[in-house]
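Visitor: I am new to this structure and would be grateful for a guided introduction. May we look at it together?

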Amino acid sequence: MRRKLAPYLLALPAWAWLAMFFVVPLAGMASLSLTSGNVITGFSQTFNIGNYLTAIDTYGEQIARSLFYGLSATLICIAIGYPAAYWIAFKGGRHKSTYLLLLLLPFFVSFVLRTISWKFTLSDNGIVLGTLKQIGVLPADFGVLNTAPAVILGLAYNFLPFMVLPIYAVLERMDHGVVEAAHDLYASRVQAFVRVVLPISLPGVFAGGLMTFIPTTADYVNASVLGGTGNTMIGSIIQTQYLVNNAYPIASAITFVLMGVLLLGIFSYARALGTERVMEVQAK
Amino acid sequence: MTAITAARAPVATPAPAAPTVPAISLEGVSKTFRSGRETVTAVGKLDLTIEAGEFFSLLGPSGCGKTTTMRMIAGFEDATSGVVRLDGKDVTSVAPNHRDVNMVFQSYALFPHLTVADNVAFGLKRKRVPAAEVKQRVADMLELVELAGHAKRKPGQLSGGQQQRVALARALVNRPRALLLDEPLAALDLKLRQAMQLELKRIQREVGITFVYVTHDQGEALTMSDRIAVMNGGYVAQLGTPAEIYERPASRFVAEFIGTSNLLPGTVTDASSEGSTVRLGCGADLRIGETLDAGEAVDVTVRPEKIRIGTAEPDPASSRVPGTVADAVYLGSATHYTVRLADGTEIVVFRQNADDVTADAIAAPGSPVWLSWHPTHSYVLPENSGPTDATQGSHHRA
Ligand SMILES: Nc1ncnc2c1ncn2[C@@H]1O[C@H](COP(=O)(O)OP(=O)(O)O)[C@@H](O)[C@H]1O
Ligand SMILES: [Mg+2]
């Protein structure tokens with residue numbers, strides 16, 4: 001009996017942590033999202049579903065935009081991150097850890113600072129655009145800042161390692177002999193990749209996708225720094241409603257709507273990739 | 001492990017051996033690796049001809065270039081020089097996916113995300129074989145390797161021996177001109193390995209495909225092969241049938257690598273057309289069946305199981321030396337003796353524990369004994385065959 005209990009006892013701190021810092025605040029927020037009132041008069045529990053209707057009605061556009069930005073940033077991360085991970089895992093030789101370190105090096109700098117430095121880099125007459133304008137590649141009135149691409153690129157840049165690392169881990173761990181085996185069994189280079197390497201590395205893409213899609217969709221720094229008034233993401237709205245307007249009920253309601261939408265997205269994503277199959281390979 | 005069942009479906013029609021065109025031929029093939037400023041010659045100038053339908057083994061110690069040779073046949077390594085031919089056709093610069101040979105990898109390299117059946121079907125699908133035929137051939141092949149009940153499993157759910165057979169089926173199902181196997185049994189435990197040796201031999205006979213088998217295990221090579229190329233330091237030290245290689249090693253290296261050998265240094269004192277006499281270091285005179293040059297310094301070799309051990313003085317016409325028992329290890333069916341000669345040379349003798357009564361008398365260390373064998377069983381190693389010999393020593397003595 002005691003032996004059966006031991007694993008649960010060992011997990012107790014983790015459970016306590018989760019309960020204290022996740023379950024309790026979440027429940028509090030759920031209750032808060034159904035109240036009415038304001039900071040001055042105080043909030044009272046009225047089971048006010050109206051908060052949710054307002055959230056969807058007023059901020060549906062920002063939620064949809066956030067999902068689109070998050071998805072775009074995730075796809076860019078896959079497009080850039082997969083080849084990078086592949087190259088390090090298969091061609092990195094003795095210097096694999098050096099390349100990984102180089103990849104992570106920018107991320108020793110604070111997230112906000114990094115994003116602000118991007119603002120300088122991408123500014124209308126900054127190092128990149130200014131130079132391109134000078135040599136006449138771009139027209140003088142061309143700009144990137146305060147546009148959707150600027151926000152998406154910023155997101156992709158900031159979350160790239162979260163895509164590269166899980167994919168790298170899977171590619172590194174897989175038996176590289178399977179590529180030769182595929183060639184031996186008449187597969188061309190492309191076929192060997194599509195039929196063997198890619199399916200085996202899908203769990204990494206799956207994990208990387210979650211680890212970039214969720215935080216990029218909910219991010220509020222990139223949109224504030226790199227975006228303009230027309231590119232507001234839902235993260236910024238939540239932040240403003242909480243900290244500036246002190247409209248706690250509506251902020252909580254938006255948070256739950258966003259969570260619901262993300263969960264829905266994740267489940268359909270898992271469905272599409274066939275999580276069971278994916279997890280099975282990973283468990284090996 | 002398994003009996004051959006009559007119900008088994010024939011899988012491939014045995015390829016009729018075309019005696020004029022060898023399945024594989026290597027002509028002056030060499031491979032040099034460059035790592036930084038260093039160069040490593042993995043394979044020297046190699047000339048090998050492997051006949052269609054043959055079970056051919058590359059045998060040698062680790063690092064002698066077996067894998068590199070095999071990878072050049074498969075197309076995974078480009079030969080530094082020389083020509084690789086399959087069925088007489090020059091394929092030296094043909095990519096692996098366009099060569100009609102298949103490989104069984106030492107690590108198996110099964111596709112972990114595919115079922116057993118899909119693993120086996122992989123090559124056929126790439127060759128665009130019609131779906132119905134793929135299904136039939138995969139089923140037949142799984143039957144042949146006795147995995148019919150496991151078609152829907154993933155490789156991760158199989159034992160090592162079963163994975164090994166999937167790897168074999170995945171290659172064989174394509175009916176390649178030759179199957180290349182790189183130490184396929186090395187990862188299995190002894191019992192399973194021995195069972196699989198017989199199993200592989202049976203399958204090879206059944207499908208009639210040329211097998212090129214890489215191993216560092218001399219027992220395995222002797223058991224399974226039609227012919228063996230013993231390799232050392234990137235060269236072929238000897239090429240021949242298992243019996244030729246065991247009974248007539250071409251060099252000291254081969255003699256010591258294959259089985260247990262006793263090497264007795266001596267000098268030829270008398271030579272006639274009947275044979276020769278060699279005086280050993282211990283002072284004993286040895287009769288040798290061969291005609292040698294008087295005065296020549298030679299190494300005489302004799303296999304442990306050819307030697308009779310006893311207390312009675314043997315017939316002077318036989319080869320005989322006196323000595324004392326240094327050690328006796330009882331192994332049940334046989335006893336292994338180490339006998340020390342007058343000059344300290346030690347000779348190993350394997351004696352079957354047959355129905356006789358002298359065994360106890362000679363078991364004790366220190367007992368004086370006579371060793372004797374038929375003169376044809378001792379064999380003089382060719383000259384210039386020191387232990388580091390790495391020349392193409394495939395010359396034969398009649
Ligand atoms: N890719 C490589 N780069 C450098 N040296 C290699 C490479 N592959 C093999 N070698 C060297 O070539 C020699 C023969 O190797 P190998 O063919 O694998 O031997 P075996 O299979 O008989 O053990 C070894 O000395 C090995 O270190
Ligand atoms: Mg090897």
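Guide: A polar side-chain atom of B:Thr67 lies 2.6 Å from an oxygen atom of ligand 1. Please bear in mind that this is a predicted model.

Visitor: How far is an oxygen atom of ligand 1 from an N or O atom in the side chain of B:Thr68?

Guide: A polar contact requires a pair of N or O atoms within 3.5 Å. B:Thr68 supplies such an atom from its side chain, and ligand 1 supplies an oxygen; the distance is 2.5 Å.

Visitor: What share of the exposed area of ligand 1 does the protein bury?

Guide: Taken alone, ligand 1 exposes 560 Å². Of that area, the protein buries 62%.

Visitor: Which helix gives the most to the shell around ligand 1?

Guide: The residues surrounding ligand 1 include B:Lys66, B:Thr67 and B:Thr68. The greatest contribution, three residues, comes from residues 66-74 of chain B, that is, helix α1.

Visitor: How many residues of the shell around ligand 1 are charged?

Guide: Four residues of this shell are nonpolar and five are polar. The charged residues number one.

Visitor: At what angle do helix α2 and helix α12 of chain A pack?

Guide: Two packed helices are described by the angle and the distance between their axes. For α2 (residues 12-32) and α12 (residues 248-273) of chain A, the axes are 8 Å apart and the angle is about 115°.

Visitor: How many residues of the contact of α2(A) with α12(A) are nonpolar?

Guide: From α2(A), A:Leu26 and A:Met29 are among the residues that meet α12(A), where A:Phe256 and A:Met259 are among the partners. The contact holds no charged residues and two polar ones, while the nonpolar residues number eight.

Note on methods: Residues are numbered from 1 along each chain as its sequence is written. Chains are lettered from A and ligands numbered from 1 in the order in which they are written. This is a predicted model: local features need pLDDT of at least 70, side-chain atom pairs count only at pLDDT 80 or more; totals for chains, interfaces and linings use all residues. Side-chain values use heavy atoms; hydrogens and water are left out. A residue is near a molecule or strand if one of its heavy atoms lies within 4 Å of it. A polar contact is a pair of N or O atoms within 3.5 Å; within protein, one must be able to donate a hydrogen and the other to accept it, and residues adjacent in sequence count only if both atoms are side-chain atoms. Accessible areas come from the Shrake-Rupley method with a 1.4 Å probe; for residues, only the protein chains shown count as cover. Helices (H or I, at least four residues) and strands (E, at least two) are DSSP runs, numbered from the N terminus. Ala, Val, Leu, Ile, Met, Phe, Trp, Tyr, Cys and Pro count as nonpolar, Asp, Glu, Lys and Arg as charged, and the others, Gly among them, as polar. Axes are lines fitted to C-alpha atoms, for helices over the stretch in contact, and angles run from 0 to 180 degrees between N-to-C directions. Contact means heavy atoms within 4.5 Å.
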